[in-house]
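Colleague: I would like to learn how to read a model of this kind. Could we go through it feature by feature?

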Amino acid sequence: MEASGGKRFGRAAIAVLIGVVFIGWMLQWAMIPTNAHLHIWQPNVAARTNSKYFGAQGANLLTSTFPILFISVLGCIFLHLGKSEEPSQEKISDHMRKPKPLAEWRRPILVKGPLGIVSGLELAFLAMFVALLLWALASFLYTGFAKINAQSVHQLGEKLWQVRVNSAGLWLGRVGAISFAFLFFPVTRGSSLLRIVGLTSEGSVKYHMWLGHIAMIFFTAHSLCYVVFWASKNQMYYQFLRWDKIGVAKITGKLGFVCGLLMWGTSMRRLRRSKFEVFYYTHHLYLLFVPLFVLHVGISYIGLVLPAFYLFLIDRYLRFLHSQRRVRLISSRLLISCQALELNFSKSPELSYSPTSVLFVNVPSISRLQWHPFTVVSNSSLEKNRVSVVIKGEGSWSRKLYDQMLSSSSDPLQQLDVSVEGPYGPASTNFLRYERLVLVSGGSGITPFISIIRELIFLSSTDPNLKTPKIQLVCMFRNSEQLTMIDLLLPDQNCTDSGHDMINIMSGRLQLQIDAYLTREEGPNNNIPNTNTSTSTGGGAANSDHIDHDDHETTQLLMKTLWFKPKASALPVSPILGPNSWLCLAAIISTSFLIFLLLLAILSRFLIHPIEDANRHFFISSFLRSLVNIFLICVSIAVPSTSVVLWNNKMMMRAKQPIENNEEDIIISPTSTSHASSSNNVINRELESGLPHHQSLIRQIVQVHFKARPDLKKILLECEESSVGVLASGPKGMRHDVAAICSSGLADNLHFESISFSW
C-alpha cells in the first residue's frame, strides 16, 4: 500500500511539473511576436548562450527544444508508474462511474462541415490556437510596418507597397512556422505526450490535418508575397535560383514549397479516398520537405521547429526497426460470404493493449511499402498469446490479401510473410463508468466493438460480482452474407481455451442485445442460421419468426480456418522496446539529445571555430551548418535507438521457448489431413463441433431487420439510464447522424464518442 501511495504521489508531482513547463513553453510562443521578446528577452538569452560550443542556435535549443523533450521524458516516467498500478475491479468500478472531467465540453458541438465531428473542448483549443496565430501575425505586421518610413523606402530604392509586401511575406512565413512546429506531435504514434492527455495517434490525425492546412495556407501566402515582390522588380529568374551564403537559402525554400504543395494537394479528401496510393507515396515527401525547410530558415531557427520532428524521428526510426521483424501468423479465419478474414498472430504475454487499439500490417508479397491500419479485435488479457485483426476485402490491398488467403486453402504450399507495427491505442478505456453502452456500426465498423465486448467478457469472468454496463449493439449491413461479421464477437474456439467459459458469460452475466439491420435485402435468407428475423420498412421491428434448421453445413460454407506452420525466423508480436518500453523510450530521448549536444559542442569548439578564427575572411555558411546539424541529429537518434532494440531482441531470443505441439503452437503432420501434401505449410482444418454451438448462441440473440435502417433517434432517446456511452464506427454520414442526436440537447445522459480510422 505504501509503495502504491508513493507511486500515486510521484505521478501527481510529475503531472504538476509537466503542466508548469508546458504552460511556460506555450507562453513563450505568445511572447515571440512582441517587442519585449524581439528586443529585450531574446538578445539577452542569445548573449548568454552564444558560445563557441553551440553558437547562435544555443538559445532556441535551451528555450524551445529542451522543454518539450523534458516533458516527453517525464511523460514516459509518468506512464511507467501508472502501468505498474493494477487496482482491483471494485475500485475500478467505483472510480469509473464518476462523471468524466469536462464531460459537457467533450460533447459534439460541430457535426457537419469541413472539420467533421468536433467537441467543445477541441473547438476551444482550435480557437485558442487560431487566436495565437492571428495575434502573432498582427504583432509581426505591426512591428514590421512600424519600421517602414519614407527614408528607409528611399534608401532601398523601392516603392512603399513593395517594401510592405516584402515585409508581409517574411512575417507570414514566421507565422506558418508556428503551425509547422506543432505539425508532427499528432502523428507520433508511440508518443508519451499524446498518451498523458488521453489521445491516440489515430484519433489525432485530424489535428495533423488541421495544422497542415493552416501551415500550407501561410506558406503559400508567404511565397506569393515574394513572387509578387520579385515580379514587380523583374528579378523573378534571378531570385528563384539565388543561393545566399548569409541569411536564408531561397532555392531550398522553393524546392520545399513544391514538395509541400504536392503533399497538400494529394491529401484532399476526395483524391485521398479514391487514389490512396498516390496520397500515401506522395506524403513521404516530408523526408525532403523537412530538411529543405531547415536549410531554408537557417541554423538559428532550428530549435524553434525541432522538438516535434525530433520526437517523430525517434518514433519513426523505432517503427522502422520494428517493421524489419517477421511475425508469426498462426491462423486465418476466412468469412467467405462477406469476403473478410481474421488474422491471428502469436504474441508475447507481456504485450498488453486496450480495446479499439490499431495494428498496422504489411504484407511484402502484396506491397513492401504499404502499411494499413486495422482494429485489433482480440483482448490482451483474455487471449494472452495471440493478437487478432479483422480485414474486410474492400480496397485493392485488402482484396489482394483475401484472394491470396483464399487461394492458400487450395494451395497448401503457399506461405505468408507478415510484418506489423503496434498495437497503438488509448491508455485506458473506462467503459465501466457507463450504465449502458450503445454501439452503432456500419459494415466493417463493427470491428472496434468486438474488442470492447471481449473486454467486458473478461471483466465479467474475473469478478462475477462486477456490474458491467448493458450493451446494445446496433449494426447495419447491406445483406445477410455480411452477418457473419457478428460471429467474430467470440474468438475461434479452436484458438482459445476459454471459449466455452466465454459463451457461458455471454449467455449469463453479460447483458447483450444485438440488432442487425439489412439495408438492401427484402426477406429471410436460408443462409442465416438460428437467427431471430423480422421484416420492417422503417426503424421499428415487425413480427418475429424463429428459424430452425441444420446449420452445420452452412457454417462450413460461410467460414473456414487456415492453420500456418511457423517459420523458425518468425517471432511473436512484442513491444519493440520490451516490457519496460516507456523507461527505454525515456532513455533513448534523453541519451540521443545529450549525444547531439555533445557532438555539436565538440564539432563547433574544435573544428568550426578554429577554422573561422584562423581566417577572418572565411566562415561556415548557414546552409552547411544546418546540413551538419541534420546529420548529427540522425546519428544521435540512430545510435541509442539501435542499441536498445538490439539488446531487447537479444533478451527476447533468449526467452524464446521451443515450439510445442499444442493448441497455442499448432504443428500438424502431413498425414493428419487427407488433402495435404508431404511439404504442407498450410493446413485447412474443418470447423470442429464446438463452433456451430458458438455461432448459434450469438445468432440466437441477434434480431435481424430486413430492408430497414435503425431509427437512431428513437433508440438513443429511449435509453433511461443516467449515463449512456454512445460509440459510433462506420461511414461518415452515420457517425454524423449519431453525433447530431447526442448534441441536440434532447437528452443529458448521452455521451458520444466517434471511432474513425478513415480520416
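Colleague: Is glutamate 721 buried or exposed?

Modeller: This is a predicted model, and burial is read from the relative accessible area, with under 20% counting as buried. Glutamate 721 has a relative accessible area of 12%, so it is buried.

Colleague: Which salt bridge do the side chains of glutamate 721 and arginine 436 form, and what is the N to O distance?

Modeller: A salt bridge is read from a side-chain nitrogen of Lys or Arg within 4 Å of a carboxyl oxygen of Asp or Glu. Arginine 436 and glutamate 721 meet at 3.0 Å, N to O. The two are 285 residues apart and link distant parts of the chain: arginine 436 is in strand β9 (residues 436-442), glutamate 721 in the loop between α23 (712-717) and β17 (724-729). Arginine 436 is buried, with a relative accessible area of 14%.

Colleague: Where is lysine 470, which pairs with glutamate 721?

Modeller: Lysine 470 is in strand β10 (residues 470-477), 251 residues from glutamate 721. Their side chains form a salt bridge at 3.6 Å, N to O. Lysine 470 is partly exposed, at 33% relative accessibility.

Colleague: How many salt bridges does a search of the whole structure find?

Modeller: The search finds 10. Arg189, Asp315, Arg319 and Glu421 are linked in a network of them.

Colleague: Why are arginine 399 and aspartate 403 separated by about one helical turn?

Modeller: An α-helix has 3.6 residues a turn, so residues three or four places apart point the same way. Arginine 399 and aspartate 403 are four residues apart in helix α16 (residues 396-408), which puts about one helical turn between them. They form a salt bridge, the closest N and O atoms being 3.5 Å apart. Arginine 399 is partly exposed at 29% relative accessibility, and aspartate 403 is partly exposed at 34%.

Colleague: How do I check the span of a helix, and what should the 12 residues of α14 give?

Modeller: The expected span is 1.5 Å times one less than the number of residues. For helix α14 (residues 286-297) that should be 16 Å, and the end C-alpha atoms are 16 Å apart, which agrees. Buried residues in α14 include Tyr286, Phe289, Val290 and Phe293. Just after α14, glycine 298 takes a positive phi of about 95°.

Colleague: What does the check give for helix α11?

Modeller: Helix α11 (residues 250-266) has 17 residues and reaches 25 Å from its first C-alpha to its last, close to the expected 24 Å. Among its buried residues are Lys250, Ile251, Phe257, Cys259 and Met263.

Colleague: Which residues touch the most other members of the largest nonpolar core?

Modeller: Trp29, Phe180, Phe182, Phe184 and Leu577 do, in a core of 82 residues. Helix α15 (residues 302-323) gives the largest share of this core, 13 residues. Leaving aside neighbours within four places in sequence, phenylalanine 180 is in contact with Ala215, Phe219, Phe289, Val290, Phe293 and Val305. A second, separate core has 42 residues, including Leu437, Leu518, Phe706 and Ile755.

Colleague: Which residues does UniProt list for "transmembrane region"?

Modeller: The unreviewed UniProt entry lists several spans, including residues 61-81 and 628-647. In the model, residues 61-81 are 100% helix, with end C-alpha atoms 29 Å apart. Residues 628-647 are also 100% helix, and their end C-alpha atoms lie 29 Å apart.

Terms used:
Residues numbered from 1 in each chain as written. Predicted model: local features only at pLDDT ≥ 70, side-chain atom pairs only at ≥ 80, totals over all residues. Heavy atoms only, no water. Buried < 20%, exposed > 50% of the residue type's maximum accessible area, 1.4 Å probe, protein only. Core = buried A, V, L, I, M, F, W, Y, C linked by side-chain atoms within 4.5 Å. Contact = heavy atoms within 4.5 Å. UniProt positions renumbered as here; feature names shortened; annotations may be inferred.
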